[in-house]
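Hello,

Here is the structure I promised to pass on to you. Please open it first, and then read my notes below alongside it.

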Amino acid sequence: MRGLWGRARQRRKPLVVLMAVVGIAGAVLATRDSGGGHLAANQAQLRKACDGTLPYGDLERLVRDERPGKLGQHGTMLAPGQESRSLLDCSLSWGDGYGVTVHAEALVSDVPQAVETRDLLEPAGGHGTFVAPGTTGQYGKRGAWLVTDCLGGLGGRVRPTTDLYVTARVTDGTDGAEEADEAADAGEATAGNGKPDRATALLGFRTAVQVANVLTKAQHCGSGPLAMPKTVVDTDETHGAPGRALRKCEWIDGSSLPGIASGSWTTLGDLQESTGLSACSGEWDAQKNAGKRPRPKEWQVTEVDAASWSGVLGRSAYDSYEREGHVPGWGAQEGESPSEAGSEAGSEADSEADADRGVRQEDRVSSYAGRPQLALWAQSVCAGRTTYHRVAVLPEIRLEDGETAVISGKDRARLSTTARTVLDRYLDAEDGWPVSADCRDTKVLGEVEQWH
């Protein structure tokens with residue numbers, strides 16, 4: 001009996017070992033099926049995705065292990081000869097709100113972002129956003145966006161162009177996870193419920209810059225790479241006053257700028273530190289002047305704006321204002337000069353002559369005209385690129401809803417004189433953007449009365 005039981009136990013040992021091996025293998029397979037074991041494959045996918053344009057060192061920490069990465073990509077960089085507006089459209093997601101979406105295109109029309117003066121100084125409707133100093137762009141609804149030049153010309157489009165537009169949005173599981181997953185599935189980028197944190201915004205800019213640098217190198221643009229951002233700045237005023245009292249805006253000074261209200265002024269400038277655009281504004285500071293200066297008289301200038309845009313940014317800004325009817329000559333009849341149009345004046349001298357001749361001795365300004373202002377446009381060549389400049393003077397007006405104010409010819413002429421003074425001071429300011437951009441061959445285009 002002992003021999004029989006011994007032989008039986010010996011026969012069972014191989015069976016037990018086999019069952020244990022099968023059990024272990026089944027557990028491993030079950031683990032893989034339920035999630036996990038994809039990290040190495042996902043990391044390898046990140047290195048190659050989006051034509052190898054993504055910054056692996058920055059994005060590696062976002063790669064998940066639980067499921068395979070989901071990749072969607074197309075564009076002329078991936079498939080030369082295909083018809084596409086995009087050089088690159090790419091979305092890579094690892095689930096649970098972790099992913100990256102990038103888009104790059106050769107611009108043949110305007111920049112698909114708002115770039116008027118108020119958009120540079122008070123982005124996101126005054127709620128603030130992030131900018132990366134040294135990078136021309138902001139953090140918008142589709143993530144970080146930037147514009148850069150390709151002097152050698154970009155391929156992939158019928159019309160030749162030298163302007164590259166890139167967007168990049170990175171999500172780290174905290175920025176609308178479900179929404180990010182849906183966007184990745186659809187190959188789109190959508191914004192979460194609010195601004196990302198500073199680190200995520202920086203990651204977006206670094207990704208956009210890396211994509212731009214890889215593409216411009218591949219396209220033989222002939223220009224050096226963009227500097228990789230090391231920090232971002234929150235433009236929201238509630239987080240301090242990062243744009244206050246910048247050196248480039250110091251020329252707005254109530255003690256030395258003729259035509260504006262005397263006293264203390266507060267200035268604000270954009271923080272992009274861009275070679276393609278710049279903006280400054282100044283406002284008579286009622287709080288600082290309280291008890292020291294009388295309140296400015298009606299029609300005295302209490303606010304000043306100045307902005308410049310080069311290349312495609314200039315075209316985009318001008319087109320945007322034109323759609324609103326706020327450029328010189330808008331509404332003029334064929335053959336009529338901008339200064340002869342109903343809402344423009346050609347120059348300081350013309351305005352004063354009109355007042356002397358009794359032309360336009362007064363005008364009416366409605367409270368429904370928004371913030372009434374007189375703008376003056378000019379065009380230069382800055383750093384070799386066609387550049388638009390726009391300055392605006394905003395007078396003190398006290399109007400209740402439904403009321404109408406009357407501006408006399410003399411007050412109108414004073415606004416014209418001040419606008420030209422502001423333009424000249426802006427263009428000549430030693431620490432200002434136009435001087436740093438070596439602007440020359442300036443031509444004054446005309447005025448716009450933004451109160452009609």
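**Salt bridges**

The structure holds 17 salt bridges, a salt bridge being a side-chain nitrogen of Lys or Arg within 4 Å of a carboxyl oxygen of Asp or Glu. Before you go further, please note that this is a predicted model, in which local features need pLDDT of at least 70 and side-chain atom pairs count only at pLDDT 80 or more, while totals for chains, interfaces and linings use all residues. Residues are numbered from 1 along each chain as its sequence is written, and side-chain values use heavy atoms, with hydrogens and water left out.

One of the salt bridges joins Arg371 to Glu303, with the closest N and O atoms 3.1 Å apart. Arg371 sits in the loop between β12 (362-366) and β13 (373-382), and Glu303 in strand β11 (residues 301-310), so this pair ties together parts that are 68 residues apart in sequence. (Strands are DSSP runs of E, at least two residues, and helices are runs of H or I, at least four, numbered from the N terminus.)

Arg118 is partly exposed at 48%, whereas Glu116 is buried at 1%. Their side chains meet at 3.0 Å, N to O.

Asp438 and Arg440 form a salt bridge too, at 2.7 Å between the closest N and O atoms. Asp438 is partly exposed at 43%, and so is Arg440, at 46%. Finally, a network of salt bridges links Asp110, Arg315 and Arg323.

**Sheet and helices**

Next, have a look at the open sheet: six strands in the order β1-β2-β3-β7-β6-β5, with antiparallel pairing (two strands pair if DSSP finds at least two bridges between them). At its edges are β1 (70-74) and β5 (137-140), each pairing on one side only. Strands β6 (residues 143-154) and β7 (residues 161-172) are joined by seven bridges; Val147, for instance, has Tyr165 in β7 as its bridge partner.

Helix α10 (residues 409-428) has 20 residues, which should span 28 Å at 1.5 Å a residue, and its end C-alpha atoms are 29 Å apart, which agrees. That expected span is 1.5 Å times one less than the number of residues. Buried residues in α10 include Gly409, Leu415, Val422 and Leu427.

Enjoy exploring!

Key. Buried means under 20% relative accessible area, exposed over 50%, partly exposed in between (1.4 Å probe, protein chains only).
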